Amino acid sequence: MASKTPVIPLTETYRDISREVARIPLHMPARVPWLIALILSLALLSLFLASITYLFARGVGIWGLNIPVNWAFAIHLYVWWLGLGHAGTLISAMLLLMGQDWRNSLNRFAEAMTVCAVICAGMEPIIHLGRPWFLYWMFPYPATMGVWPQFRSPLEWDVWAVMTYLIVSILFWYIGLVPDLATVRDRAKKRGWQVFFGIFALGWRGSARHWAVWNKTYRTIAAIAVPLVVSVHSEVSLLFAAGQIPGWHSTIFPPYFVLGAAFSGFAMVAMIAIVMRHTFQLGHIVTERHLDVLAKVTLAMGLMTAYGYVFEVFDAYYSGEMREIATIHDRFFGYYAWSFWGAVFFNFVPLQGLWLARVRRSPVLLFLISTSVVVGMWLERYMILVTSLYKDFLPSSFGYYHASFWDWSTYIGMLGLFMTPFLLFVRFLPSISIFEDKEVLAREKAEAAHG
Amino acid sequence: MAEPLLGFLGEFGTPEALLDAAKRARSDGFKCIDAFSPFPVEGMAEVLRLNGDQRIGWITIAGGLFGFLGMLGVQLFVNVDYPIEVGGRPLFAWPAFFVVDFEIMILCAVLFAVGGMLIINRLPKLYHPLFGTPRFGLASADRFFLYIDASDPKFDPARTRSFLGSLGAWTVEPVRP
């Protein structure tokens with residue numbers, strides 16, 4: 001699979017790759033920016049803790065939701081966070097199986113992003129429960145009242161999907177991390193670091209026997225993780241599609257949700273890649289070629305998501321259902337039209353810039369376009385929930401939704417719940433896969449030697 | 001030097017040199033050999049005859065079946081033990097059960113695969129005699145090591161040492177417990 005520009009420049013050596021990545025945990029190069037980011041995210045995290053404390057004390061009534069719009073921020077953000085997470089698994093697993101070498105510079109932090117995003121996603125329905133301390137009711141345990149969970153309900157499926165996704169993401173990430181922890185352990189000079197990395201590296205020695213078994217395991221999990229991603233977000237879409245609410249009850253939902261998720265996720269990975277590359281001077285490892293391919297994948301996912309939009313409109317008109325068509329009209333011209341047109345604009349208009357190679361390779365422009373995509377997908381999830389719920393079949397139950405202060409404070413605070421563990425990951429663990437990049441380099445060197 | 005010798009560790013500079021050395025050691029009749037590298041070296045598994053090991057695949061399938069059947073059992077039992085009638089719909093809603101079943105099948109398959117990998121590789125094992133060898137730390141950076149174990153029938157302290165040297169090893173170190 002010879003390509004024009006190598007993924008890792010041939011001037012690099014194996015030692016360079018170890019040094020460039022391992023110095024981040026061992027000798028933090030960007031202490032001040034990191035500290036500022038951590039303080040900011042801890043401040044957000046405190047806002048989150050304050051918000052949910054008040055929430056638990058007073059109940060979900062502090063949010064703006066009420067009949068008929070009783071699913072709003074918490075569920076819309078649940079879908080949004082989970083979607084952001086999916087790109088990490090897709091980059092790691094799908095591109096690994098397809099032998100795309102460029103993914104080796106991105107998979108580690110993309111997976112860490114997945115784990116952080118899934119934590120946030122899992123938190124949303126829990127705080128939305130109203131009585132979160134009864135979460136365990138969702139699990140089949142021999143209750144004294146003799147009741148069991150209702151396994152025929154999409155709400156019950158949710159718990160299992162998110163739990164599985166979180167555990168599998170963490171395991172996949174950790175299994176890939178072990179050989180790199182060994183590298184950092186061997187490079188560490190201070191005793192504390194040696195013990196810290198030594199314990200988590202599990203005594204990895206890089207034996208050919210270990211590699212052979214490890215390789216099979218890693219690829220097996222990757223092959224399992226791809227259908228998992230598709231199943232998890234399809235399952236999320238069934239929360240909506242299995243109901244009869246106009247605007248939700250459509251067979252396009254599962255693929256539409258999965259593609260939208262991957263779309264926002266790839267944009268998020270591009271944003272993180274650009275920030276990390278800039279902050280830690282990782283230009284040799286995360287090259288312009290990486291940004292270029294990320295941009296291309298984002299563009300492709302965006303166009304597929306756009307197909308979902310078109311099909312949704314077609315579906316409504318083709319159905320001939322009065323309420324379905326009315327919901328589409330509400331989306332176009334109704335009270336929340338801003339969320340529909342905002343989603344269309346932020347998702348698809350700046351995205352068209354990515355047709356140009358110059359834009360794809362420009363970190364600043366790619367960052368701005370990716371931000372726009374993340375905002376656009378945020379609006380889309382909002383639009384799907386609120387515009388469908390605020391007017392359904394019964395005119396007597398039409399009603400509006402306005403996000404309250406606590407809706408916003410919980411959401412903004414949750415960014416801290418996302419950023420804090422991610423920043424700790426960047427600080428303490430090798431955030432780029434060292435050994436997989438060496439593997440790419442070895443392959444490139446072999447190719448160059450054979451001419 | 002009274003301590004027993006566990007084997008010899010030869011150091012190489014490139015994955016190709018290691019692969020070549022491993023091939024020659026095999027063709028020379030050595031059986032108890034292992035290679036250590038910072039990343040999986042392509043072709044090494046074939047040379048060391050490690051590809052026949054399909055245990056991980058079977059373990060994963062076992063995990064998947066366990067999860068699938070187990071969760072299906074739970075869902076069927078729950079609906080018998082506390083039947084919830086909804087408009088006369090069947091209690092055993094197979095398509096609905098399949099969703100959770102699929103997730104738990106994946107969860108158990110992955111848990112089994114990871115557990116199996118750790119057990120087959122005998123990890124975690126925080127100490128190993130190899131870590132006592134001064135240059136071994138480079139096996140995770142940019143050096144490639146070929147290890148010949150003393151239990152090998154062809155092993156002879158002096159000759160094996162010079163054999164590793166003749167393969168082009170930069171350094172040859174004895175490994176002691």
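**Close-up views of a two-chain predicted model**

View 1. Leu365(A) is partly exposed, as 18 other C-beta atoms lie within 10 Å; a residue is termed buried if 20 or more other C-beta atoms lie within 10 Å of its own, exposed if 12 or fewer, and partly exposed in between, with C-beta atoms placed from the backbone. The model is predicted: local features need pLDDT of at least 70 and side-chain atom pairs count only at pLDDT 80 or more, whereas totals for chains, interfaces and linings use all residues. Residues are numbered from 1 along each chain as its sequence is written, while chains are lettered from A and ligands numbered from 1 in the order in which they are written. When neighbours within four places in sequence are left aside, Leu365(A) is in contact with Gly353(A) and Val359(A), a contact being a pair of residues whose C-beta atoms, placed from the backbone, lie within 7 Å. Gly353(A) is 12 residues from Leu365(A) in sequence, and their C-alpha atoms are 8.7 Å apart.

**View 2. Overall form of chain A, with 15 helices and 0 strands****.** Chain A has a radius of gyration of 23 Å, close to the 22 Å that the globule rule gives for 451 residues, so chain A is as compact as a globular protein of that length. The radius is taken over C-alpha atoms, and the rule is 2.2 Å times the number of residues to the power 0.38. The C-alpha trace of chain A spans about 75 × 55 × 40 Å along its principal axes. Buried residues make up 51% of the 451 residues of chain A. Of the contacts in chain A between residues at least 6 apart in sequence, 82% join residues at least 24 apart.

**View 3. The side of chain B that touches chain A****.** Here 51 residues of chain B are in contact with 51 residues of chain A. Strand S2 (33-36) and helices H2 (44-47), H3 (55-81) and H4 (94-120) of chain B are the elements that give two or more residues to this side. H4(B) provides the largest share, 15 residues. By residue class, this side of chain B holds 37 nonpolar, 8 polar and 6 charged residues; Ala, Val, Leu, Ile, Met, Phe, Trp, Tyr, Cys and Pro count as nonpolar, Asp, Glu, Lys and Arg as charged, and the others, Gly among them, as polar.

**View 4. The open antiparallel sheet of chain B****.** Four strands of chain B form this sheet in the order S2-S3-S1-S4, where two strands pair if DSSP finds at least two bridges between them. S2 and S4 of chain B are the edge strands, each pairing on one side only. Neighbouring strands are turned by 25 degrees against each other on average, direction ignored. S2(B) and S3(B) share 4 antiparallel bridges, and Ala35(B) stands opposite Leu146(B) in S3(B).

**View 5. Strand S1 of chain B and its partners S3(B)** **and S4(B)****.** S1(B), residues 7-12, has 6 of its 6 residues buried, so this strand is largely enclosed by the rest of the structure. Gly7(B), Leu9(B) and Glu11(B) are buried on one side, as are Phe8(B), Gly10(B) and Phe12(B) on the other. S1(B) runs antiparallel to S3(B), residues 144-149, with 6 bridges between them. Across this pairing, Leu9(B) stands opposite Tyr147(B), Gly10(B) is the bridge partner of Leu146(B), and Phe12(B) faces Phe144(B) as its opposite residue. S3(B) has 5 of its 6 residues buried and is therefore also largely enclosed by the rest of the structure. Antiparallel pairing with S4(B), residues 172-175, comprises 4 bridges, and Gly7(B) stands opposite Val175(B).

**View 6. Helix H5 of chain B across the sheet strands****.** H5(B), residues 157-166, lies across S1, S3 and S4 of chain B and runs at about 10 degrees to S1(B). Axes are lines fitted to C-alpha atoms, for helices over the stretch in contact, and angles run from 0 to 180 degrees between N-to-C directions.

**View 7. The two assigned domains of chain B****.** Domain 1 covers 7-52 + 135-175 and domain 2 covers 55-120, with bounds that come from an automatic or database domain assignment. Their centres, taken over C-alpha atoms, are separated by 44 Å.

Terms used. Contact = placed C-beta atoms within 7 Å.
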